[in-house]
Amino acid sequence: MKLRLKILRGAYTVEKPEFKVFEVEVQKGMTFLRILQKIKEETDPSLSFRHFCRAGICGTCAILIDGFPRLACKEQVLSYALIKEEVTLEPLKGFPLLKDLVVDHEVFTEKMKKYKTWLLEGEEYSKITPTLHRKIERAADCILCYACQSYCPQVLEEDYAGPVIFAKLYRLIKDPRNAIRDERFIYALDKGHLYHCLSCNKCNNCCPTETKPADLIREIMVYTGKNEEVRS
Ligand code: SF4
Ligand code: SF4
Ligand code: FES
């Protein structure tokens, strides 16, 4: 079965990236990552895209497939080829473009540093109970694919920290090692505009794991709503 793939091509040096069309032969079991590799091996060695684990674990291969963020290594091409003749592949929105389907994640790492989304040196060791571990495990499922971040209307339109930041902060709400809990959440409220979340669930819908950041954001709102020290 044949499928036309429209892939956005360009580099950060190019002012306006343009689509290039590739005609591909689709077989059962092929993922979009496999198709991209095939194009690179057989047709255009200059095509750039990211991948690493090829198993939905590292999160690096997320791209827009017909405008929706997906992991290229998980998404089956046949399910598209059965119902359409052409599919569009683009890089994630909201990140600087490096080349073709590759965006720069570094800007986001800097953002995470600002929000202190991990425990800092000096925050003391303390045991985590199995019950607490189960509670925060869901947030720990996040594979940093940035699908949610690139699909959140508030991140794209406003200065909103975004679902990944809040999913990471969620883990720290009840973590006994979090020595600067209030500082973290005051910053998230003030600079991250937590309450600008529209609760639209777009981030939940595109998340390839069980993290479901919109649910976690609602829980953080309950936490900050109840905690006057954080809100005042
Ligand atoms: S629920 Fe909130 S964080 Fe998630 S996509 Fe909508 S606005 Fe963004
Ligand atoms: S919360 Fe889900 S969609 Fe967002 S970066 Fe983590 S795994 Fe990806
Ligand atoms: S290559 Fe690792 S998640 Fe796709």
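Asp66 counts as partly exposed because its relative accessibility is 31%, where buried means under 20% relative accessible area, exposed over 50% and partly exposed in between (1.4 Å probe, protein chains only). The model is predicted, so local features need pLDDT of at least 70 and side-chain atom pairs count only at pLDDT 80 or more, while totals for chains, interfaces and linings use all residues. Residues are numbered from 1 along each chain as its sequence is written, chains are lettered from A and ligands numbered from 1 in the order in which they are written, and side-chain values use heavy atoms, with hydrogens and water left out.

Asp66 is not a glycine, yet has a positive phi of about 50 degrees. Its place is the loop between strand 3 (62-65) and strand 4 (68-71); strands (E, at least two residues) and helices (H or I, at least four) are DSSP runs numbered from the N terminus. Leu144, also not a glycine, has a positive phi of about 55 degrees and lies in the loop between helix 4 (130-140) and helix 5 (147-151). Most residues other than glycine have a negative phi.

The largest nonpolar core has 67 residues, and Leu5, Ile7, Phe32, Leu89 and Phe166 have the most contacts inside it. Such a core is a set of buried Ala, Val, Leu, Ile, Met, Phe, Trp, Tyr and Cys residues joined through side-chain atoms within 4.5 Å. Helix 7 (residues 163-173) gives the most to this core, with eight residues. The core lies between domain 1 (2-103) and domain 2 (106-231), because both give residues to it; the bounds come from an automatic or database domain assignment.

Around ligand 1 there are 14 residues, of which Cys152, Cys197, Leu198, Cys200 and Cys203 come nearest, a residue being near if one of its heavy atoms lies within 4 Å.
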